[in-house]
Amino acid sequence: MKFPPLDFHPPKGERLVLPNGMILYLLEDHELPLINISATIQTGSFYEPADQIGLASLTGALMRTGGAGDKTGDEIDEILENLSASISTGIGGDSGYASLNVLTRDINKGFDLFADVLMSPRFSEEKLEILKNQEIENIRRKNDNPSPIAGREFAKLLYGAETPYAREATLETVSRIKRQDCVDFYSRYFHPDAMILGITGDFKKEEMVQKIANKFNGWKKRTEPLPSLKPIPVEFKPSVSQIEKALTQSYIRIGHLGVKQSNPDYYALSIMNDILGGQTFSSRLFKEVRTQKGLAYSVGSALNPGNMEVGTFFAYCQTMSKNTVKAISAIKENIKKMQETPVTPEELQLAKDSFLNSFIFSFTTPSQIVSRQIYLEYYHLPEDYMEQFRNEVSKVTAEDILRVAKKYLHPDGLTLLVVGDPDKFDQPLSVFGPVHTLPLSSN
Amino acid sequence: MFFRITSAIILVTSLVMSAPAITLGDELSRRVIKHEFKNGLVLLMVERHTSPTISFNITYKAGSVNEQTGITGIAHLYEHMAFKGTEKVGTKNYKLEKPALDEMEKVFFQLKSERALGDRGDSVKIEKLEEALDVLEKKGESFAIPNEIGEIYGRNGAVGFNASTGKDMTQYVVSLPSNRLSLWIALESDRMTHPVLREFYKEKQVVLEERRLRYENSPGGKLYEALLRTAFWVHPYGLPGIGWTQDVQSLSASQTKEFFKTYYGINNIVIAIVGDIHPDQVIAEMAKTFGQISAPSLPPPVSLVEPLQEGERRVHIEYDANPILEMAFHKPGIGDPDQMIFDMIDSLLSDGRTSRMYKHLVTQKQIALTVGTDSATPGEKYPNLFVISAAPRAPHSPGELEKAIDEELNLLKKEPVTPSEFQKMINQFDGYLVRSLESNSGLASQLAYYEAVAGDWKYILKLRQEMEKVKPEDIIRVARKYFVDKNKIVATLSKPDVTVKAP
């Protein structure tokens, strides 16, 4: 069956800048009586001091639970839950967020609380203790499930254990964090000109802009910009590591550092990755490792572009211990093959059609549309990035894919990590090179 | 895979939120179009033109509750096989492929009989049969086009092409650009009538990997399996949906196809379609395809009834992970008036930061890292369990946590729930109802679920109305009746205690 391309022009959020430097994106949508407001804030755990890992995430969480304005955290919980509204806050690697989701009828109450949480969090000592205790318990439990171990330790191998991109909170760094540290971290980064608000849903634009301007009007601009981060040295040296744990399956990750989102070859690379292991049912890895060999339930590859630093490229699977080397070999061969022979015209067409025909799903809700506009501005990507992406993908050829595979894949410089029970492997991992047995850090 | 749809998260909308009880149902009642085809197929539609996309949901009123020991995992295995194609899709030449698949079945049956002899089996014969099966598998595969159905969908811009097997039902889902309606109709009506179980033996290995991933190497999965096994001695809710390893190994393609024939008839299905559609056109197109499928006799009902529990049950798992705890109580299924009271207790105890258990155990006493409740585990159609899951915060023990949970349950038996707690539950419910309309796929899934499991999607509207009539005494009565030691099951997991290990 043949279908014509869909003619669809999604709406766009309108961009405004307030006198205090705060950027707004607004998109009205009156289908449901709901309003959604999100703030994206220039901060992140990448900027926290090395001896206080965990500070950013605790600060982010405490803004919500520790009270704000004239209300305690418990009072805010009560009000929101009675309204069936929610406010959440958090700080991730290179950005912070706050969001409000509220029924239209409750917008005034909800918005006042949201503004208080952003501008005047109280950082209650007692609530900080609760968060610290929970974080310590999470650290205690971090080795209970194998998948997170593989993810975390693999990042350390790629970026270096001490870099902001891979380091982790420990009992020691968390115990050291005091209330004042949270206050200082917050004061440094939370300012109107370090923030982009996205507002979608059932509101009237003029009213909403006025409401926001009135509320955030007197808030002081920031005095210092984001600190700069040390660049990551990019190397492609092969290594083989294992972490011993009594499991019936091996949790495998194999790959290396990748590219930035702004890299002009990212379009072709992303289609290359779809063909290798990115597409659920039709990728080479899925077909060979899962369907034809029956070696794994979950198998694939990921090309995560970095926003600030280079991202990662890796393949993953879980397989019964006695198939470990067999599965790794199959994955390695497929990575190598990507730079030896061009992809077939059928593979290329399928990958491009899948991408282009599912493109409309990137615009199904107003909040999805506005979130992406904010993302592009936050990471300094062009406003028409999505359209560019679509156009570039439609032009990608098999030669392009071969070229980028040769340039960005390093089959001889792969980092391999296996979490599992080496006594039960089909062959020792030493068939791939000298093996480092890494300790399972438990603090 | 399957995640149970939490009974508290339900849909419905109202554009006038100030008087929800009256208008909630009206809005959704107005928008949901129900059409029943002559062959018994039920179709639910919601027309919504916010984006040129459609979400499709096919829900079979059959799942792992229709299994017994010996064939555990068969519904889930069938779900995997449903992605392998049909007589038209996924094959280079079905005429040549079929004899190879048939031959494979014969060899596998011989192999299965020999393996069943255990130590008395002939190992040379087993080896030969395994080799023969391997050869036949390769022959079969030479005709197969792997994952063609997924590729066709992919090429046409599908997202979320997947399926899940629950205890009570099996859902097949996909979302497509709205001009692909006829593609979905053609592919799914074919998949429903002429499935071919190719690559069957390889796929069993994949399912066993899934079992390792979700249950063997996951402390939560391990404990959950033990909890169900301990709670149900007779009813199939106690069996693992993914299947026992040996059962999965011994299932044959013909057995699995037989299960399909028995349970997956057109009259045992609900289809929900939400998005950029024109209902009249959908009905007309489906009448020509789905509407022409003839209805078999209805499948046999689940007749096993779990006998009354006669005393507290406990199970403990030793595993290399920090402690977790599950407590459960037997209770009735959907359709019983008490089910709704349990939904409310669920919300009261663990929904949000102000819920009782979160407030008392996580933030005030700080003896728990997490606590959650569920009002219908592992299914909802038959009598099931109210489950409380929690993780203690060191140095607090699972025992301490259990005691604190017991105290919370006892409180329910003594003190009436306050009017403000009641109002909050209702407000939260209304909020959920509005939000559930935000996504096409979520709405399709909820509509199909309640139509399949409760017999009518309008169950959710009724639930909302009935909630307002519940009295504090009702909660006290239900708590007193069910939260008793005799009806309790406790499952714990922790690291082996080296001090008490046998020499």
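This is a predicted model: local features need pLDDT of at least 70, side-chain atom pairs count only at pLDDT 80 or more; totals for chains, interfaces and linings use all residues.
Let's start where the chains meet. Chain B brings 80 residues to the contact and chain A brings 63 residues. Between them the two chains bury about 6100 Å², with 55% of that on carbon and sulfur atoms. On the chain B side, B:Glu209, B:Asn217 and B:Arg435 lose the most area to chain A, together 10% of what that side buries.

Now for the polar side of the story. Six salt bridges are counted between chain B and chain A. One of them joins B:Glu151 to A:Lys287, whose closest N and O atoms are 2.8 Å apart. The interface also has 29 residue pairs in polar contact. Several elements of chain B supply at least two residues each to the side that touches chain A, including helix 5 (148–155), strand 4 (159–165) and helix 15 (419–435). The largest share, 10 residues, comes from helix 7 of chain B. Sorted by class, this side has 29 nonpolar, 29 polar and 22 charged residues.

Next, have a look at the rings. B:Phe83 and B:Tyr172 form a tilted aromatic pair, 6.3 Å centre to centre with 35° between the planes. B:Phe83 sits in the loop between helix 2 and helix 3 of chain B and B:Tyr172 in strand 5, so the pair ties together parts 89 residues apart in sequence. B:Phe83 is buried, at 9% relative accessible area, and B:Tyr172 is buried too, at 5%.

B:Phe259 and B:Tyr263 are four residues apart in helix 10 of chain B, which means they are separated by about one helical turn. Both are buried.

Definitions and conventions:
Residues are numbered from 1 along each chain as its sequence is written. Chains are lettered from A and ligands numbered from 1 in the order in which they are written. Side-chain values use heavy atoms; hydrogens and water are left out. Contact means heavy atoms within 4.5 Å. Buried area is the accessible area (1.4 Å probe) that two parts lose on being put together, summed over both. A salt bridge is a side-chain nitrogen of Lys or Arg within 4 Å of a carboxyl oxygen of Asp or Glu. A polar contact is a pair of N or O atoms within 3.5 Å; within protein, one must be able to donate a hydrogen and the other to accept it, and residues adjacent in sequence count only if both atoms are side-chain atoms. Ala, Val, Leu, Ile, Met, Phe, Trp, Tyr, Cys and Pro count as nonpolar, Asp, Glu, Lys and Arg as charged, and the others, Gly among them, as polar. Rings of Phe, Tyr and Trp (its six-membered ring) pair if their centres lie within 6.5 Å; planes under 30 degrees apart count as stacked, over 60 as edge-to-face and the rest as tilted. Buried means under 20% relative accessible area, exposed over 50%, partly exposed in between (1.4 Å probe, protein chains only).
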